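Hello,

Here is the structure I promised to hand over. Please have a look at it first, and then read on for what I found.

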Amino acid sequence: MTVLVAVQQTETPDTLPSRKARLAYREGLVASTAGVAPGFVQGNLAILPAEYAGAFHRFCQLNPKPCPIIGMSDVGSPHIPALGADLDIRTDVPRYRVWRDGEVVDEPTDVTKYWRDDLVTFVLGCSFSFEEALLDEGMPIRHIEHNVRVPMYRTNIACGESGPFAGPMVVSMRPFKPADAIRAVQITSRYPAVHGAPVHLGHPHLIGIKDIAKPDYGDPVPVADDEIPVFWACGVTPQSVINAAKLPFAITHSPGLMLVTDLKNRTMAVI
């Protein structure tokens, strides 16, 4: 099945490319969401029992770079109308991860059978939103060029702690020539709700990355001799933290396979 991503001349709720993408995933399509539904915000998922929701909310407030909240559900509800009128958290992501005691026990395309009345969904901003701004400036995005998932790495950058939530920040990487890296900093600084400016440029070992060719999540991409790796805080950070906290139960998205919302990327820019 092919996801239709071209924006209609006159958009209605039924013709939004974001909704078409969600319906395709709801029907079972599994594919990276990078480049899907241009113009629309994508989000990372962290779905937790209500007893942990308060501590996680504070964790996000303490760590706004990797965990910018763009949406949150009511307890037990699989819907977040502000992100999409027909959006169903249980079915509308290409692939999920189900966690028990901090370990992934299943990676289904539908989590309806795992749904519980005490679950709270957090949707966190995703760097795919600022990639559109980079592309508009003619800047190459390597993982999109190679049709793979963005490479992501656990770092030695400690997150602020809240309750059981503590651990290292996860970053995503895009290589650029130095002049383009400077421009990328300027462009992405306008998007604090979707991770904002990079947290590190060059020298991966300084943030605890031993081998840039071996990401912890996603897929490796080539870095040319005249390029430097540029690292942004990543919304996969909660998955690292869930692992460290050994939570008895949680659900997340599979890295690189996001929730496509009906929010517009332009609404995420501050200037």
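How much accessible surface does the protein chain have, and what share of it belongs to carbon and sulfur atoms? The accessible surface comes to about 11,200 Å², and carbon and sulfur atoms account for 52% of it. Please keep in mind that this is a predicted model.

Now to the overall build. The protein chain contains 6 helices and 11 strands. Its radius of gyration is 17 Å, close to the 18 Å that the globule rule gives for 271 residues, so the chain is as compact as a globular protein of that length. Along the principal axes, the C-alpha atoms fill a box of roughly 50 × 45 × 35 Å.

As for the inside, 54% of the 271 residues count as buried. If you take the contacts between residues at least 6 apart in sequence, 77% of them join residues at least 24 apart.

The charges are also worth a look. There are 24 positive and 29 negative side chains in the protein chain, and the centres of these two sets lie 1 Å apart.

What covers them? Just after α3 comes G138, which takes a positive phi of about 80°.

Enjoy exploring it, and write back with any questions.

Best wishes

Note on methods
Residues are numbered from 1 along each chain as its sequence is written. This is a predicted model: local features need pLDDT of at least 70, side-chain atom pairs count only at pLDDT 80 or more; totals for chains, interfaces and linings use all residues. Side-chain values use heavy atoms; hydrogens and water are left out. Helices (H or I, at least four residues) and strands (E, at least two) are DSSP runs, numbered from the N terminus. The radius of gyration is taken over C-alpha atoms; the globule rule is 2.2 Å times the number of residues to the power 0.38. Buried means under 20% relative accessible area, exposed over 50%, partly exposed in between (1.4 Å probe, protein chains only). Contact means heavy atoms within 4.5 Å. Accessible areas come from the Shrake-Rupley method with a 1.4 Å probe; for residues, only the protein chains shown count as cover. Lys and Arg count as positive and Asp and Glu as negative; His and the chain ends are not counted. The place of a charge is taken as NZ of Lys, CZ of Arg, CG of Asp or CD of Glu.
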